Amino acid sequence: MMRIDTHHHAVPSFYRDLLRKAGIDEAGGRAVPDWSPEASLTTMAELGVGTAILSVSAPGTTFVPNPADAAALAREVNEYLAAVVAAQPDRFGFFATIPMPHVKESAAEAVRSLDELHAEGVILLANAAGVYLGQDGQDDLFAALDARSAVVFIHPADLPGPAVPGVLPFATDFLLDTTRAAYLLVHNEIRRRYPNIKFMLSHAGGFAPYASHRMAIGITSDTGRGLTDILDDFAGFYFDTALSSTAAALPSLLAFAKPGHVTFGSDFPFAPIVAARLFAAGLETYPGLDDDARTAIDRINALRLFPRLGTAAPPAAESTVDQIRHAVSRAVMRGVTRLANAR
């Protein structure tokens, strides 16, 4: 029963080159790592992962201020990832990159990626250039996602303010960023108005499970809604275990999340393999899980969200590496041409 990794990043070479040209060498205080599909396959073998759902992490497209250019970049990232998946659909899926905070362009790319490229879902940053997920004005995007019963993978980004010297953003700020988005999605009743969307929170939900009752009291005092309903909205998120499978974090997460709402995550390659192994071992040895519960987190819960991953046919005779290289090469060439034309 191989794992399904729902928090597994991709850093396409053309995307990394664009980051460097924009003067961006890190995300969350960590250097943007080198990556290739082959590197993912190697790491997956070490972690017992059968299938990884690829996603592009922060900063997404937010470093491209023009809406048309941001949409063009999102389009090329998604076509690249779709090519990787097409080369080996039993090993990879992908979450589509969406050019938020540009809502019109984001809704269009979400529809295209889900309907035409058959993405497993979309990745949305908790905040995109300071605009938080769940703030006013995003209904067109949520309506498109709700109509498709989409999975939305929420990943943190740098907080919209200066970092504190000596505090690595990925260690603390990222958790707050995810929690802020979760709070707004509940406070502004996005979870209620768009019930078909399955929102998945990175890194065990940041602080959300641990602080859920405190946040619910805040929402109750601000809106007058019932405490039980608010807590139910928080518990209805999905959560991955990336960098969170510890004896301190797991009890709170497992006590709070609804049954079937926790999935395995590695955070590769931003989490180096030694860290991914450490947290995977924490999940394997945690005494509060029996074999069935552990298997559910490793695979079964993800299959309920992404049933295609349980039925994907293996690739044809051409080798995995050659298939990926050829498909990706074609996608990159298309992307370079279209981005050049867009500019």
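## Contacts across the chain

Let's start with how this predicted model holds together. Take the contacts in the protein chain between residues at least 6 apart in sequence: 78% of them join residues at least 24 apart. His 8 and Pro 269 are 261 residues apart in sequence, and yet their C-alpha atoms are 7.3 Å apart in space.

## The overall picture

The protein chain has 13 helices and 12 strands. Along the principal axes, its C-alpha atoms fill a box of roughly 55 × 45 × 45 Å. A compact globule of 343 residues would have a radius of gyration near 20 Å, and the 19 Å of this chain agrees with that.

## A helix with a buried face

Now look at helix α2, which covers residues 37-47. Its buried residues are Pro 37, Ser 40, Leu 41, Thr 43, Met 44 and Leu 47. How do these buried residues fall when α2 is seen down its axis? They lie within an arc of 165°, so they line one face of the helix. After α2 comes Gly 48, which has a positive phi near 70°.

His 8 belongs to strand β1, residues 3-9. Is His 8 buried or exposed? Its relative accessibility is 1%, and the cut-off for buried is under 20%, so His 8 counts as buried. Leaving aside residues up to four places away in sequence, His 8 touches Ser 40, Met 44, Ala 52, Ile 53, Leu 54, Ser 55, Ser 266 and Phe 268.

His 155 sits in strand β9, residues 151-155. With a relative accessibility of 2%, His 155 also counts as buried. Which residues does His 155 touch, not counting those up to four places away in sequence? Among them are His 7, His 9, Ser 57, Ala 58, Phe 174, Ser 202 and His 203. The list also includes Ile 123, Leu 124, Leu 125 and Ala 126.

Most residues other than glycine have a negative phi, and most peptide bonds are trans. With that in mind, here are some exceptions to look up.

Met 100 and Pro 101 are joined by a cis peptide bond, with omega about 15°. Pro 101 is placed in the loop between β5 (92-97) and α4 (103-115). Another cis peptide bond runs from Phe 268 to Pro 269, where omega is near 0°. Pro 269 lies in the loop between β12 (262-263) and α11 (273-285). Phe 268 was mentioned above as one of the residues that His 8 touches.

Glu 189 is not a glycine, although its phi is positive, about 60°. You can find Glu 189 in the loop between α6 (173-187) and α7 (190-193), and it is partly exposed, with a relative accessible area of 32%. Leu 243, also not a glycine, has a positive phi of about 55°. Leu 243 is in the loop between β11 (238-240) and α10 (250-256). With a relative accessible area of 29%, Leu 243 is partly exposed.

Definitions and conventions. Residues are numbered from 1 along each chain as its sequence is written. This is a predicted model: local features need pLDDT of at least 70, side-chain atom pairs count only at pLDDT 80 or more; totals for chains, interfaces and linings use all residues. Side-chain values use heavy atoms; hydrogens and water are left out. Helices (H or I, at least four residues) and strands (E, at least two) are DSSP runs, numbered from the N terminus. The radius of gyration is taken over C-alpha atoms; the globule rule is 2.2 Å times the number of residues to the power 0.38. Contact means heavy atoms within 4.5 Å. Buried means under 20% relative accessible area, exposed over 50%, partly exposed in between (1.4 Å probe, protein chains only). The arc is that of the directions from the helix axis to the C-beta atoms.
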